[in-house]
Amino acid sequence: MPLKKSWVDSANSADTDFPLNNLPYGVFSTRDDDARCGVAIGDMILDMAAAEENGIIDLMEDPLFDVPFWNEVMEQGPAVWAALRARLTDLLGENSAERALIEPLLVPMQDASLHMPLVVSEFTDFYAGRHHATNVGTMFRGAENALPPNWLYIPIGYNGRASSVVISGTDIRRPWGQLKSPEHDLPAFLPCRRFDLELEMGAIVGTNSDGPLSVDEADAAIFGYVLLNDWSARDIQAWEYQPLGPFQAKATATSISPWIVTKAALEPFRTATPEREFELLDHLKDTGPMLYDIDLTVTLAPEGQKATTIAKTNYNQMYYSAAQQLAHHSTSGCPMNAGDLLGSGTISGPTKPERGSLLELSWGGKEPITLDTGEHRSFLEDGDTLTLAGHAQGDGYRIGFSTCTGTLLPAHKDPFKR
Ligand code: CA
């Protein structure tokens, strides 16, 4: 599919994240206006609340866009999602008959603050990247037992905390926790020493369900995708994770990028999951190309210094798609809701520069990486800024996710006296 041309000039550049083909959904505020729904186009944001108030966007009787979240749009279901996208494509397309009405409703992105684009109903995080699971398993249990026996049959996950999901740009405070170093007999309560990132994609569920979903039904229920950094305290995790999995190690924060890129925008970039060692059971089998070809990068900038690219990989490396994860999640009858966020699991490729966490890049701290500044890193240092970026590359255009960034602040001196 070629670039769809818009009368918004900046949307026609080959390197904008937001051409007419994308139309991602976010929430923004300006000095004069409260947070409301907006759509990114080039370097502008279309004020959806204003467009609705003026009657230019008229999908439902009740207003949908004068609120700081997209959950109400999600709840309208896939037919309304498609109608909205078609209407926006007409309004912002080069042959739009309504340019004069829409143009005054565009806000320069540089004048806007971005906010969480949705109310996260619940957050589930998976462990569905084979290279990541193999790397971590090899470090923790040895190469022979790297993948647990269930791993090639089900997308393993755990229930995370919706309350800890934050918007890109939010500072992250190094946590305290209970750790036990191998050289000490007793655990101690200390600031985390092995704070890490996890490069992931987040899938946003758009419709409510109350019973098992087929893979196709699950795919239809997904509204869109964001970049996701699942900040992880490795030393807290190593002590707490058996037998019920991660808990406080993953509860400090999870950052997401500000624009929800719709499934519709990603449709031309569908790609197959990797070849499987064992066939999946019928209820989880691929029904077509289930992943997306999305280039991903991670940069690390020490405080006040320039950033180094520390990892480059692609979402097509996952073993399980978001649709398969959602289908599995619903098998028990677990009700799923609009606004549920599903983390893909850390995305790592087969080679070292493709590893999506410092745990893997520094091989558990044994092989520190060297930054362009000459500094070394095994895990994150105070003041480090981590930035994830991602885009699907089309012919002369890109479907961009912008960035998901966060700076690590030092631990409080005393966690109980803030
Ligand atoms: Ca994770």
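Predicted model: local features only at pLDDT ≥ 70, side-chain atom pairs only at ≥ 80, totals over all residues.
Two strands count as paired if DSSP finds at least two bridges between them.

Take strand 25, residues 385–393, and strand 26, residues 398–409, as an example. These two strands pair in the antiparallel sense, over eight bridges. Within that pairing, His391 stands opposite Gly400 of strand 26. Strands of a sheet are held in pairs through backbone hydrogen bonds, and the pairing can be parallel or antiparallel.

Is Ser402 buried or exposed? Its relative accessible area is 16%, and the limit for a buried residue is under 20%, so Ser402 is buried. Leaving aside residues up to four places away in sequence, Ser402 touches Asp17, Phe18, Leu227, Pro258, Trp259, Leu388, Ala389 and Gly390.

Next comes strand 13, residues 199–205. How many of the residues of strand 13 are buried? Seven of its seven residues are, and the strand is described as mostly covered. Both of its faces are covered: Leu199, Met201, Ala203 and Val205 are buried on one side, and Glu200, Gly202 and Ile204 are buried on the other.

Strand 13 has pairing partners that can be named. With strand 14, it pairs in the antiparallel sense over seven bridges, and there Ala203 stands opposite Tyr225 of strand 14. With strand 22, residues 341–343, strand 13 also pairs in the antiparallel sense, over three bridges. In that pairing, Leu341 of strand 22 is the bridge partner of Ile204.

Which residues coordinate the calcium ion? They are Asp125 and Asp230, through OD atoms, and Glu198 and Glu200, through OE atoms, at 2.2 to 2.4 Å. Along the sequence, these donor residues are spaced D-x72-E-x1-E-x29-D. Glu200 in strand 13 and Asp230 in strand 14 (residues 222–230) are 30 residues apart, and this pair links distant parts of the chain. Both Glu200 and Asp230 are buried.

A search of the whole structure finds 16 aromatic pairs. A pair of this kind is described by the distance between the ring centres and the angle between the ring planes. For Tyr25 and Trp70, the centres are 4.1 Å apart and the planes are at 10°. Planes under 30 degrees apart count as stacked, and therefore this pair is stacked. Tyr25 is in strand 1 (residues 25–29), whereas Trp70 is in the loop between helix 1 (48–53) and helix 2 (71–75); the pair links distant parts of the chain, 45 residues apart. Tyr25 and Trp70 are both buried. Ring pairs also join these two residues with Phe65, Trp81 and Phe223 into a cluster.

Trp151 and Tyr320 form an aromatic pair that is tilted, with 5.8 Å from centre to centre and 55° between the planes. Trp151 is in the loop between helix 5 (130–141) and strand 7 (157–159), while Tyr320 is in the loop between strand 21 and helix 9 (322–330); the two are 169 residues apart. Trp151 is buried, with a relative accessible area of 0%. Tyr320 is buried too, with a relative accessible area of 1%.

Tyr320 also takes part in an arrangement with a charged residue. The charged end of Arg276 sits over the ring of Tyr320, 5.7 Å from its centre. Arg276 lies over the face of Tyr319 as well, at 4.5 Å from the ring centre.

Cys37 is in no disulfide, and the nearest cysteine sulfur, that of Cys404, is 20 Å away. A disulfide needs two cysteine sulfur atoms within 2.5 Å. Cys37 is buried, with a relative accessible area of 0%, whereas Cys334 is partly exposed, with a relative accessible area of 25%.

Methods. Residues numbered from 1 in each chain as written. Heavy atoms only, no water. Helix = DSSP H or I, 4+ residues; strand = E, 2+ residues; numbered from the N terminus. Donors = N, O, S within 2.8 Å, 3.2 Å for Na, K, Ca; no water. Buried < 20%, exposed > 50% of the residue type's maximum accessible area, 1.4 Å probe, protein only. Phe/Tyr/Trp six-rings, centres within 6.5 Å; stacked < 30°, edge-to-face > 60°. Lys NZ or Arg CZ within 6 Å of the ring centre and 35° of its normal. Contact = heavy atoms within 4.5 Å.
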